Amino acid sequence: MEQLTLSFKNIIRQRCEAQGQLNLAELLETAAKQEFVQLDTALPEEHLQLHWQEFKQARLQQTAFRELRSAQLQSYPFQYLGYFQLGEEAEALPFGEEQFSASLQARPLFVQSDEQAKACNMSWLLELLTQAEKVAADPLRQDELFWEKGAEGNPQLRMERKNGKQKEVQIIRFNNNYSTVSWQHQIELG
């Protein structure tokens, strides 16, 4: 299963096609004009930059475990790895963990964790933030994006998408002082 996920170590092997950076708070404020984006807590006061790198996705002909892989992430012709930086001159925020998981009716099927990842898959987040009007106008899309406080009161970005009996959830969680970030992608099968 590990070779089939669109994780940092699987994407970074490809050739980087482009790179850039964006201001997260500005993107969230602009995207919040769309109904599917909810800002439920204050945005960071400091300049939180999202740095990204674009990689052309190697097309998998593999159909095994299709339901356990991310339909949303697999749908993009390019994958975007990203990391965050707080302040103009600061270092990249270290990642605590990158985790993929899948469950069937709340029973875990697999969990893949990587505590060595230096960036994570930001493809879905970048689409929702930079293409918010297009996503909102698509009647087949059922995406939701939340900037909120998580279970421990830490700020987080949470994306959700339902597709039939499958629900995908991606959470990018910061600690309270924005010194670390973790990333989770969950697939829940009904």
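Strand S11 (residues 181–189) is mostly covered, with eight of its nine residues buried; buried denotes under 20% relative accessible area, exposed over 50%, and partly exposed the range in between (1.4 Å probe, protein chains only). The model is predicted, so that local features require pLDDT of at least 70 and side-chain atom pairs count only at pLDDT 80 or more, whereas totals for chains, interfaces and linings use all residues. Residues are numbered from 1 along each chain as its sequence is written, and side-chain values use heavy atoms, with hydrogens and water left out. Helices (H or I, at least four residues) and strands (E, at least two) are DSSP runs numbered from the N terminus, and two strands pair if DSSP finds at least two bridges between them.

S11 pairs in the parallel sense with strand S5 (residues 95–104) over nine bridges, and Ala-102 stands opposite Ile-187 in S11. Strand S10 (residues 166–174) pairs with S11 in the antiparallel sense, also over nine bridges; here Lys-167 has Glu-188 of S11 as its bridge partner. Six residues separate S10 and S11 in a hairpin, and Tyr-178 in the turn adopts a positive phi of about 55 degrees.

Strand S3 (residues 48–56) is largely enclosed by the rest of the structure, because seven of its nine residues are buried. Antiparallel pairing joins S3 to strand S1 (residues 16–23) over seven bridges, with His-51 in S3 as the bridge partner of Gln-21. S3 also pairs in the antiparallel sense with strand S4 (residues 78–86), over nine bridges, and Lys-56 has Phe-78 in S4 as its bridge partner.

The whole structure contains six salt bridges, each defined as a side-chain nitrogen of Lys or Arg within 4 Å of a carboxyl oxygen of Asp or Glu. In one of them, Glu-127 and Arg-141 have their closest N and O atoms 2.9 Å apart. Glu-127 lies in helix H4 (residues 123–130) and Arg-141 in the loop between helix H5 (132–137) and strand S8 (143–149), so this pair ties together parts that are 14 residues apart in sequence. Glu-127 is buried at 17% relative accessible area, as is Arg-141 at 18%.

Arg-158 and Glu-148 form a further salt bridge (2.6 Å, N to O). Because Arg-158 lies in strand S9 (residues 155–163) and Glu-148 in strand S8, the pair ties together parts that are 10 residues apart in sequence. Salt bridges with shared partners join Glu-148, Arg-158, Glu-160 and Lys-167 into one network.
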